[in-house]
Amino acid sequence: MRAAYYEVNGPAATVLKVAEVETPKPGPGEVRVKLATSGVNPSDVKTRAGTVRKIAFPRVIPHSDGAGTIDAVGEGVDKGRIGERVWIWNGAWKRPFGTAAEFIALPSRQAVAMPASTAFEDGACLGIPALTAWQAVTIDGPVAGQTILVHAGAGAVGHYVVQIAKAHGATVIATISSPEKAALARAGGATHTINYKSEDVGARVKEITGGKGVDRVIDMDITANAKLIPAVLRPRGTVVIYGIGGAEATIPAQYCLTSQIQLKFFLVYDLDDAAREAGLKGITGMLKAGTLKHTVAATYPLDQIVAAHQAVESGKVMGNVVVRL
């Protein structure tokens, strides 16, 4: 099979190769998926670059997310799954061979049945972005009736957060950085948008909430945004954190202590079984109902995987980047 891989960390143009490699066979409890698409996430490019972790295997086929069709099953797996359209989660988490290939073999539960109405390109956006969004919205209990501030509400994860929070009954305020991103966030269900480059986020939040502040903040970079907590979050509020921009963050500790603020961190790759199953069930329900909107910003053939990685690293794409197999 053809696959993209790297054997050392480094820049995409230097270390990524596309070549023929051995086609995997499904082991006990596994399925093999003939992949149609592979999602490129920021964590994928950071892992390849070696900025978040160093290479742990002699050869790595990158990317955790993807979608395709099961074409073979291992011992103990229902043969009725052959031919099933699926999307994949954790394809490359603690494993050497991810979804940037024509085939992947992995545990059966990591290949989730996908409705016929969901395009393979959209299926490649679910494993990290949509599951992260579901957990971010639901980790601290019901949000119905709450006002939530979503940082980067037009981003790959943020766009799903806005939709899921709105579907759960929250009023959503989204930070954005351009009129185009404001339009995307509003299309997802944001009632208000704040351009953090040209507006005072704290002042706008206080204006929108009548001075109270929001009930919850969902943050993709606590390293950059921690300083905003006193200006935007009400006492006894919660900050849900799914991303960082650096190894350390300066927290407004006095406000967090005296206002009894909760900081809740989570890592989407390492959800417990209950949270994972709730997320899979919730996303599947929205897919079947046709209520989850996807934003595929750019698609590339496998031979152009370097350009796909560079597009994600640029930070200029508005939505998800997908590689076609």
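## Basis

Residues are numbered from 1 along each chain as its sequence is written, and side-chain values use heavy atoms, without hydrogens and water. In this predicted model, local features need pLDDT of at least 70 and side-chain atom pairs count only at pLDDT 80 or more, while totals for chains, interfaces and linings use all residues.

## Helix α4

Helices (H or I, at least four residues) and strands (E, at least two) are DSSP runs, numbered from the N terminus. Buried means under 20% relative accessible area and exposed over 50%, with partly exposed in between (1.4 Å probe, protein chains only).

Helix α4 covers residues 126-138; 12 of its 13 residues are buried, so the rest of the structure largely encloses it. Among the buried residues are Leu-126, Trp-134 and Val-137.

## Nonpolar cores

A nonpolar core is a set of buried Ala, Val, Leu, Ile, Met, Phe, Trp, Tyr and Cys residues joined through side-chain atoms within 4.5 Å. The largest has 48 residues, of which Trp-87, Leu-126, Ile-218, Ile-283 and Leu-292 touch the most other members. Helix α4 gives the largest share of this core, eight residues. Another core, of 25 residues, lies apart from it and includes Ala-3 and Val-323.

Leaving out residues up to four places away in sequence, Ile-218 has contacts (heavy atoms within 4.5 Å) that include Ala-136, Val-137 and Tyr-242.

## Positive phi

His-63, in the loop between α2 (42-49) and β4 (65-73), has a phi near 90 degrees. His-63 is buried, at 1% relative accessibility.

Arg-236 lies in strand β12 (residues 233-241) and has a phi of about 65 degrees. Arg-236 is exposed, with a relative accessible area of 54%.
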